[in-house]
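Please look over the chain shown here.

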Amino acid sequence: MTKHKIPRGTYDILPTESYKWQYVQNIFREVAKLYNFKEIVTPIFETSALFERSVGDTSDIVEKEMYKFSDKKGRILALRPEGTASVVRSLVENNLDLQPNSSKVYYMGPMFRYDRPQKGRYRQFYQYGIEYFGSENPLVDAQTIAFADTFLKKVGLKNYNLEINSIGNSNCSDDYDQALVNYFKPHLNELCNDCQRRIEKNPKRLLDCKNKTCKSFAVKAPSMLEYLDEECKIHFEKVQEYLTKMNIDFIINPLIVRGIDYYSQTAFEFIDTNLGAQNTLIGGGRYDGLVKQMGGRDVPGIGFAGGFERLLLSMEAESISFGEEQKPNIFLVTLGENADEFAPSLLAKFRANGIASEFDPDKHSIKAQMKSANRINADYVLILGDDELANDKINLKNMETGEQAEIALSEIIAKLKEKF
Ligand SMILES: [Zn+2]
Ligand SMILES: [Zn+2]
């Protein structure tokens, strides 16, 4: 028989690891509630044109990394490489901007990019993110950043920096693009192929190229901050003012442009200061033109996204606890034919009363059953023999203290409910 292997660049979240994922996901949901964001769930595939149009056809994502395929009717589809495009598609399609309480959303789920797999980077990866539509107010930028900061603080991370930048809007960023072209043009032959190709279409992308030589030019490139017009300048100053008011520390880094075409004004990244090269925990920014460009009304928006893989690595590096692995409240050990027969109805009652219960279907000796209970890490073991059953008794053993007590079987549920 052929043993099947998991596809390259993917991984299983195993039962012994899943509690860590649930832990951080629960915290993300909690923070969403604190900021009054609601969950949106979109399909993991969309028409390929959606991403080509929104993410931008000069981005790495669309140029090289998209899982694109046609279905049996010849529709050109793509596995989503990121979350924002789908959310904007849904916003436009469902007029969410006109409905009360529907313009602040969060999402979690798998995304897909055909990329060279490396530590912490996969072809199917899990992201969390938010989108905040409907206001150009810099207060909203600060709130979006604060959401991300609250989340990182709540999961317990300490060693990270917030870096912010403004990449201007259409009124001022064209001048800046021209300045970048003028700056990079004389060095064109020394730049990587991607940068040579992008210089005309999207010169800002040259600022975040990972190539060493490109990087050495990028650090000395003119800064967008010197090209911001009055409106963008005030906006960016206000964002900083609000962050300071909320006691959120930040660093201004003019090289943060984000790798996607749709951004404008505020761009930000939360950087892990422990890890090496792949160190962005969360990236985000404003995208005021995107909704209109996608056929919607002129609705401004801002959002961020982060990867759970990177987050878990950072948490492990800081030895942060993920809470406890899931375990049952009780383990039921039975001895004798009548007790065995009685077990299913007793287990059903426990579960109906919210008591997480386990048993061993195939072990018959008391010793073997106790061993299972130990391995599973149950809080309590209940021991029921034929004699106890006949006399309305059951034994309750606290597995942590070793303490044991005989309790009336008819009262066991009430007793356990006090404990859990
Ligand atoms: Zn501007
Ligand atoms: Zn380059």
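## Model and domains

This is a predicted model. The protein chain is divided into two parts by the domain assignment: domain 1 covers 18–168 + 228–317, and domain 2 covers 330–419. The C-alpha centres of domain 1 and domain 2 are 48 Å apart.

## Helix α1 against α11

Helix α1 spans residues 18–34, and helix α11 spans residues 308–317. Their axes come within 11 Å and cross at roughly 100°. That angle makes α1 roughly perpendicular to α11.

On the α1 side, the contact uses Lys20, Trp21, Tyr23, Val24 and Gln25. On the α11 side, Phe308, Glu309, Leu311, Leu312, Met315 and Glu316 take part. By class, the contact of α1 with α11 has 7 nonpolar, 1 polar and 3 charged residues.

## Helix α1 against α5

Helix α1 also packs on α5. The axes of α1 and α5 come within 10 Å, crossing at roughly 140°. The two helices are therefore oblique to each other. The crossing of α1 past α5 is right-handed.

From α1, the contact draws on Val24, Ile27, Phe28, Glu30, Val31, Ala32 and Leu34. From α5 come Phe147, Thr150, Phe151, Lys154 and Val155. Sorted by class, this contact of α1 with α5 has 9 nonpolar, 1 polar and 2 charged residues.

## Helix α5 against α9

Helix α5 (residues 138–155) has a further partner in helix α9 (residues 230–245). Their axes lie 8 Å apart, at an angle of about 45°. So α5 and α9 are oblique to each other. α5 passes α9 in a right-handed crossing.

Which residues meet where α5 packs on α9? Pro138, Leu139, Asp141, Ala142 and Ile145 come from α5. His235, Lys238, Val239, Tyr242 and Leu243 come from α9. The class count for this contact of α5 with α9 is 7 nonpolar, 1 polar and 2 charged residues.

## Helix α4 under cover

Helix α4 (residues 84–93) is mostly covered. Of its 10 residues, 7 are buried. These are Thr84, Ala85, Ser86, Val87, Val88, Ser90 and Leu91.

What covers the buried residues of α4? The cover includes strands β2 (45–47), β5 (104–112) and β6, together with helices α2 (48–54) and α10 (290–293). After α4 comes Asn95, with a positive phi near 50°.

## Gly129 in strand β6

Strand β6, part of the cover over α4, runs through residues 124–133 and holds Gly129. Is Gly129 buried or exposed? Its relative accessible area is 0%, so Gly129 is buried.

Leaving aside residues up to four places away in sequence, Gly129 touches Phe28, Val105, Tyr106, Tyr107, Phe304 and Ala305. Gly129 and Asp149 are 20 residues apart in sequence. Their C-alpha atoms are 13 Å apart in space.

## Summary

α1 is roughly perpendicular to α11. α1 and α5 are oblique to each other, and α5 and α9 are oblique too. Helix α4 is mostly covered, and Gly129 in β6 is buried.

Key
Residues are numbered from 1 along each chain as its sequence is written. Chains are lettered from A and ligands numbered from 1 in the order in which they are written. This is a predicted model: local features need pLDDT of at least 70, side-chain atom pairs count only at pLDDT 80 or more; totals for chains, interfaces and linings use all residues. Side-chain values use heavy atoms; hydrogens and water are left out. Axes are lines fitted to C-alpha atoms, for helices over the stretch in contact, and angles run from 0 to 180 degrees between N-to-C directions. Helices (H or I, at least four residues) and strands (E, at least two) are DSSP runs, numbered from the N terminus. Angles under 35 degrees count as roughly parallel, over 145 as roughly antiparallel, 65 to 115 as roughly perpendicular and the rest as oblique. A crossing is left-handed if the near helix is turned anticlockwise from the far one by less than a right angle, and right-handed if clockwise. Contact means heavy atoms within 4.5 Å. Ala, Val, Leu, Ile, Met, Phe, Trp, Tyr, Cys and Pro count as nonpolar, Asp, Glu, Lys and Arg as charged, and the others, Gly among them, as polar. Buried means under 20% relative accessible area, exposed over 50%, partly exposed in between (1.4 Å probe, protein chains only). Domain bounds come from an automatic or database domain assignment.
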